[in-house]
Amino acid sequence: MKFPFDDVPNTMAIICSHILENGENILYVSHDEDDGMWQFLCGNSHEITDAKLVALEEVFALDNSISKIADMPYGYIATRKNVNSEWKIHKK
């Protein structure tokens with residue numbers, strides 16, 4: 001599948017260690033209004049030490065279902081109950 005984001009593939013993104021290291025699913029995505037940073041989280045509680053920086057293309061390689069929200073504007077979040085659920089996008 002082709003990289004769907006307008007951002008360049010090596011754009012830095014935040015991903016939680018639960019996804020990266022424990023194989024949890026991406027259930028919460030934020031596209032920050034102030035800096036355009038993408039955050040990919042599992043939906044559980046997090047400490048600051050759980051945040052990891054990776055290239056956006058690495059997140060896409062882990063879960064290409066995020067292609068469905070690649071055009072999400074700044075200041076919005078996307079959530080889903082599980083990997084089989086549809087993304088719900090709304091203003092933060």
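Tutor: Happy to! Please keep in mind that this is a predicted model. As a general point, strands of a sheet pair through backbone hydrogen bonds, either parallel or antiparallel.

Strand 2, residues 28-31, pairs with strand 5, residues 76-79, in the antiparallel sense over 4 bridges. You can follow this in the model by finding Tyr28, which stands opposite Thr79 in strand 5, and then Ser30, which stands opposite Ile77 in strand 5. Strand 5 is also joined to strand 6, residues 88-91, by 4 bridges, and these two run antiparallel. Here Tyr76 stands opposite Lys91 in strand 6.

The structure holds 3 salt bridges, and in one of them the side chain of Lys91 meets that of Glu33 at 3.8 Å, N to O. This pair links distant parts of the chain, with Lys91 in strand 6 and Glu33 in the loop between strand 2 and strand 3, 58 residues apart. Lys91 is partly exposed, with a relative accessible area of 46%, while Glu33 counts as exposed at 53% relative accessibility.

Another salt bridge joins the side chains of Asp32 and Lys92, at 3.6 Å, N to O. Asp32 lies in the loop between strand 2 and strand 3 and Lys92 in the segment after strand 6, so this pair ties together parts that are 60 residues apart in sequence. Asp32 counts as buried at 10% relative accessibility, whereas Lys92 counts as exposed at 60%.

There is also a salt bridge between Arg80 and Asp63, whose side chains meet at 2.7 Å, N to O. Because Arg80 sits in the loop between strand 5 and strand 6 and Asp63 in the loop between helix 2 and strand 5, the pair ties together parts that are 17 residues apart in sequence. Arg80 is buried, with a relative accessible area of 7%, and Asp63 is buried too, with 15%.

For contrast, find Asp50, in the loop between strand 3 and strand 4. Asp50 is buried yet has no salt bridge, and the nearest side chain of opposite charge, Lys52, is 6.5 Å away. Leaving aside neighbours within four places in sequence, Asp50 is in contact with Ile15, Cys16, Ser17, His18 and Ser45.

Cys16, one of those contacts, brings us to a last stop. A search of the whole structure finds 0 disulfides. Cys16 is in no disulfide, and its nearest cysteine sulfur, that of Cys42, is 3.7 Å away. Cys16 counts as buried at 1% relative accessibility, and Cys42 counts as buried at 3%.

Terms used:
Residues are numbered from 1 along each chain as its sequence is written. This is a predicted model: local features need pLDDT of at least 70, side-chain atom pairs count only at pLDDT 80 or more; totals for chains, interfaces and linings use all residues. Side-chain values use heavy atoms; hydrogens and water are left out. Two strands pair if DSSP finds at least two bridges between them. Buried means under 20% relative accessible area, exposed over 50%, partly exposed in between (1.4 Å probe, protein chains only). Lys and Arg count as positive and Asp and Glu as negative; His and the chain ends are not counted. A salt bridge is a side-chain nitrogen of Lys or Arg within 4 Å of a carboxyl oxygen of Asp or Glu. Contact means heavy atoms within 4.5 Å. A disulfide is a pair of cysteine sulfur atoms within 2.5 Å.
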